[in-house]
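Please look over the sequence and the structure shown below.

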Amino acid sequence: MYRLIWTEIEGSLTQNTKIDCYLTQHTKEIRINPILDNARKIWESMYRREQKSSHVVMEASLWNNLQVRIDNNLFKWGKWVNKGYYRIGDLFNEGKLLEFKKMQNKYQLTNEEWYRYIQLRSCLTKVPGIGISTQEKAQFMQVLEQIKGTAHIASKIYNFLINGFTLGVKTLQNIWCSDLNMELDEEEWLTLMRGMYKPLREAKLRLMQFKIINKIYWTPAKMHIVKLRSTKTCWNCDREDGDLIHMFWNCNQVKVFWKKVLKFCSKVLDREVPVDESLCLLHKNPWDIESDTHKDNFLWLILAIATAKRVICRHWKDKSGPNFTEWQKTLVEVAEYERTIYKLRDKLSTYEEIWEPFLSHLEGSVQQINGNED
Ligand SMILES: [Zn+2]
């Protein structure tokens with residue numbers, strides 16, 4: 001019977017595996033088949049653009065993977081494949097390798113597979129970069145998930161390839177300088193980038209700042225570019241273009257919120273905190289005096305500002321906009337978290353120097369409110 005040539009390729013691709021897993025497998029068919037060979041090269045270069053290796057991400061194939069070898073050999077265990085193990089991620093939960101018992105429950109592996117599990121565990125622990133660092137999915141994988149099942153997939157992917165990738169350091173500097181209408185030389189920019197995350201200890205805040213700087217957030221404008229939305233107008237005001245700067249800074253309600261927050265910060269620190277976007281978005285120090293009190297003040301200010309951005313994110317789609325009281329409450333939670341860390345390090349006095357102005361100010365305003373109610 002005559003069969004079209006690609007039906008064979010498709011058949012071989014989907015047999016006992018998932019199609020994207022196949023692209024991180026190294027088998028003879030791939031090497032002799034120019035279509036598969038090219039597909040694999042493109043796949044690898046997509047990851048490289050995001051500084052990741054296609055072979056050590058959670059979605060990579062567990063089998064015949066060049067980076068996952070036992071005694072330097074590639075391997076594939078039919079029994080495990082039949083139970084549904086395809087990807088590295090099938091063995092992990094939140095960056096941690098699953099215990100054998102949990103894997104047994106999930107995929108009904110028999111007790112005899114324990115030895116193989118041990119083999120696999122020891123080989124995976126030797127693969128550099130596997131685990132926590134591979135938790136965050138590649139951007140293009142996130143996009144593929146979002147557009148799955150929608151119309152015009154090819155043009156959406158094409159648009160994304162042109163517009164959507166995380167930007168290089170130099171490009172990033174140029175874009176931010178032009179967005180915020182400021183001038184910074186390369187050294188100043190690098191210093192800013194290096195110091196930006198320092199006060200942020202919580203992973204959520206750090207990730208948020210990373211997403212802002214690299215413009216990874218799916219704002220209405222960005223969704224419009226890849227045709228996920230018909231318009232690029234802001235969710236909140238429904239009037240202006242909802243790009244990242246607008247969503248975090250220029251939108252009317254957001255601006256009102258910032259003014260309130262920064263005015264409160266000025267009162268707490270008893271010094272002028274300017275309503276300045278390079279301070280709020282890039283954590284650029286507005287003061288140039290180098291005393292310890294100033295350093296403490298700045299450290300607290302950045303935590304207060306990062307917390308404000310978290311509150312802004314939470315209310316992107318609410319017409320009510322970000323809420324000042326919610327910001328204060330969230331900042332109290334940050335204070336508690338910080339206190340635990342300083343306590344563990346036996347540095348409670350440093351904690352108090354940094355947080356005392358805020359906490360006593362807050363107490364003052366609570367007393368004032370209670371006083372008014374009496
Ligand atoms: Zn708006």
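In which hand of crossing does helix 15 pass helix 17? The crossing is right-handed. The model in which this is seen is a predicted one, and the sections below place that crossing in the rest of the chain.

## Overall make-up

The chain holds 19 helices together with two strands. Of its 374 residues, 24% count as buried, and among the contacts between residues at least 6 apart in sequence, 58% join residues that are at least 24 apart.

In soluble globular proteins, nonpolar side chains tend to be buried together. The largest nonpolar core in this chain has 40 residues, and of these Val261, Cys265, Leu301 and Ala304 touch the most other members. Several helices supply at least two residues each to this core, namely helix 12, helix 14 (244–250), helix 15 (252–269), helix 16 (277–282), helix 17 (292–314), helix 18 (324–344) and helix 19 (348–373). The largest share, 10 residues, comes from helix 17.

Apart from this core lies another, of 11 residues, which includes Tyr47, Val57, Leu62 and Ala138. Returning to Leu301, and leaving aside its neighbours within four places in sequence, this residue is in contact with Cys265, Leu269 and Val273.

## Packing around helix 17

The axes of helix 15 and helix 17 come within 11 Å and cross at roughly 155°. Since angles over 145 degrees count as roughly antiparallel, helix 15 and helix 17 are therefore roughly antiparallel to each other. On the side of helix 15 the meeting residues are Val254, Val261, Cys265 and Leu269, and on the side of helix 17 they are Asn297, Leu301, Ala304, Ala308 and Ile312.

Helix 17 also packs with helix 18, at an angle of about 125° and with the axes 9 Å apart, which makes helix 17 oblique to helix 18. Here, too, the crossing is right-handed. Helix 17 makes the contact through Leu303, Ala304, Thr307, Ala308, Arg310 and Val311, while helix 18 contributes Glu326, Trp327, Thr330, Leu331 and Val334.

Within helix 12, which spans residues 203–213, the residues Met208, Gln209, Ile212 and Ile213 are buried. These residues cover an arc of only 130° around the axis, which puts them on the same side of helix 12. Ala203 and Lys204, on the other side of helix 12, are exposed. Just after helix 12, Lys215 takes a positive phi of about 55°.

Ala221 belongs to helix 13, which covers residues 220–225. The cut-off for a buried residue is 20 or more other C-beta atoms within 10 Å, and Ala221 is buried because it has 20 such atoms within that distance.

Between Ala221 and Lys232 there are 11 residues of separation in sequence, yet their C-alpha atoms are 4.3 Å apart in space. Once neighbours within four places in sequence are left aside, Ala221 is in contact with Lys232, Asp241, Gly242 and Asp243.

## Positive phi in two loops

Asn72 has a positive phi of about 65° although it is not a glycine. This residue is found in the loop between helix 4 (34–48) and helix 5 (78–83), and with 6 C-beta neighbours inside 10 Å it counts as exposed.

For Gln108, phi is near 50°, again a positive value in a residue other than glycine. Gln108 sits in the loop between helix 6 (100–107) and helix 7 (114–125). Gln108 counts as exposed because 10 C-beta neighbours lie inside 10 Å, where the cut-off for an exposed residue is 12 or fewer.

Conventions:
Residues numbered from 1 in each chain as written. Predicted model: local features only at pLDDT ≥ 70, side-chain atom pairs only at ≥ 80, totals over all residues. Helix = DSSP H or I, 4+ residues; strand = E, 2+ residues; numbered from the N terminus. Arc of directions from axis to C-beta. Contact = placed C-beta atoms within 7 Å. Core = buried A, V, L, I, M, F, W, Y, C linked by C-beta atoms within 7 Å. Axes fitted to C-alpha atoms, helices over the stretch in contact; angles between N-to-C directions. Parallel < 35°, antiparallel > 145°, perpendicular 65-115°, else oblique. Left-handed = near helix turned anticlockwise from the far one by under 90°.
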